[in-house]
Amino acid sequence: MKQSGSNRIYSRECDPCGYSFIRVQGTSQTENHAFITMARHFRALNLPVPEIYTVSQDEMTYTQQDLGDTLLFDYIRSGRENGDWTEEQISMLEKTMRQLAHIQVEGAKGMDWSVCYPIPAFDRKSIFWDLNYFKYNFLKLTGIDFSEPELENEFEKLADALLEVPCDVFMYRDFQSRNVMIHDNEPYFIDFQGGRRGPIYYDVASFLWQAKANYPQSLREHLLEVYFDELISLHYQYQIFNVYHHLAIFVLFRTLQVLGAYGFRGLYEHKQHFIDSIPFAIKNLNELFDNEAPNGLFDRNTNLKAEFPLLYILSTELRKKCERIARPCPDAGSTLTVDILSFSFKKGLPEDPSGNGGGYIFDCRSTHNPGKYDEYKQLTGLDQPVIDFLESDGEILTFLEHVYALVDHHVERFIERGFTHLQIAFGCTGGQHRSVYSAEATAKHLRAKYPGIKLCVTHREQTNG
């Protein structure tokens, strides 16, 4: 299944009776443990999260309920793209905000905070992780000049304001419409493995000011009413006289945090949908300062321009540079063709018809060979049993991590220099299993990361019989 911002691998599979489920292969045991433990905790409280079916002994792989394919982000497409908000969409958003209140308040009851990944609670250290993420992965990449000491002073002031709010609920942390799925006409929550004990406002800010959700201010106001009414029904006590100021502070913080993420995932890793989100986040930041606080239902005893003058200045500078910052990925309009081949060393090295004589030849023979086993001898790296063998063994995945690091750099430099051809070849003993799998996996990786390049995949020994 298509990956988004994470490195987890998802696949839809069926049991012998034909019932589908999702298999998840993670890269961190502690992260997986957090998700599995939280999901079971929430299910026991009848909260809408996927059921966990099976977990491997090392917790690196688990299976969970298949919730279908409809993300809330896609469900509200007409509203966020055209401003055409239907009654059904608004009703689903209302359900989502009510369920957020439940997972925050009820989900905190009996939660084992020690399993949270990577930390158990929202604190000053984690605040500065996110603020420095913004500074180093986004702000510095823009070339805007600023005073580091002055910015640090405003970061300290912002952290103080954030920590005024009690940390007494479950904080989802990445609560946004891409992490809500619609199943049986109800919202279900996914990807909460980064959750921890925290304040109520972070998730509200994350959801209602999600960059590309593009909620109009009137809809935000309505959904805030729904949310706070649900908190009251749950007998949760919050400081109503400071709600508006606290919310504005958390919207500011969350917007800086997501700009840091967009900088890393977009400007550094070249993932286009993160780059596309940058103008929306900068728009949110400017509207926040321009209005001094979000137009809402609560008191307006806040003035962000006065509290954070440097961040206000930076927001205006970012608006001016937005068009340059949110440039297309470096492969946009590229004329680069990448030929990816698999071959057998026994039959000689592949030729390079372009005449460049460059690129890479990777030797896959250091990895576990499925060709040694009778059940795989008649299959190739295109067949699912071979794919499952190689991926469960894991040696080929580690090997390819190093391949990707080399190849990505080469592709980017060739694009920058206007080169038109790059050859990447994978060889193994028979050109049948490991090399074929590696060629296909590398093509999939490059296709996702550099959609503007042309890819040609050839399995020499399979083509030639």
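**Basis.** I note that this is a predicted model, in which local features need pLDDT of at least 70 and side-chain atom pairs count only at pLDDT 80 or more, while totals for chains, interfaces and linings use all residues. Residues are numbered from 1 along each chain as its sequence is written, and side-chain values use heavy atoms, with hydrogens and water left out.

**Sheet.** I took helices (H or I, at least four residues) and strands (E, at least two) as DSSP runs, numbered from the N terminus. Two strands count as paired if DSSP finds at least two bridges between them. I traced an open sheet of four strands, ordered β1-β2-β4-β3, with antiparallel pairing. β1 (9–14) and β3 (52–55) stand at the edges with a single partner strand each, so one side of each has no neighbour in the sheet. From one strand to the next, the twist averages 25 degrees (axes are lines fitted to C-alpha atoms, for helices over the stretch in contact; angles run from 0 to 180 degrees between N-to-C directions). I also checked S11, whose bridge partner in β2 is R23.

**Helix α15.** This helix (residues 434–449) has 16 residues and reaches 22 Å from its first C-alpha to its last, close to the 22 Å expected at 1.5 Å a residue (the expected span is 1.5 Å times one less than the number of residues). I used buried for under 20% relative accessible area, exposed for over 50% and partly exposed for in between (1.4 Å probe, protein chains only). Twelve of the 16 residues of α15 are buried, so the helix is largely enclosed by the rest of the structure. Among them are R434, Y437, H445 and K449. The buried residues pack against elements including β9 (337–344), α14 (395–417) and β12 (454–459), where contact means heavy atoms within 4.5 Å.

**Helix α10.** I recorded a bend of about 30 degrees at I278, with a proline, P279, following within four residues. The bend at a residue is the angle between axes fitted to the seven residues ending there and the seven starting there. I278 is itself one of the buried residues of α10.

**Two single residues.** H102, in helix α4 (residues 87–105), is buried at 17% relative accessible area. Not counting residues up to four places away in sequence, H102 touches L47, G107, E230 and L234. Y312, in helix α12 (residues 309–325), is partly exposed at 25%. I found Y312 and E351 39 residues apart in sequence and 58 Å apart in space, C-alpha to C-alpha.
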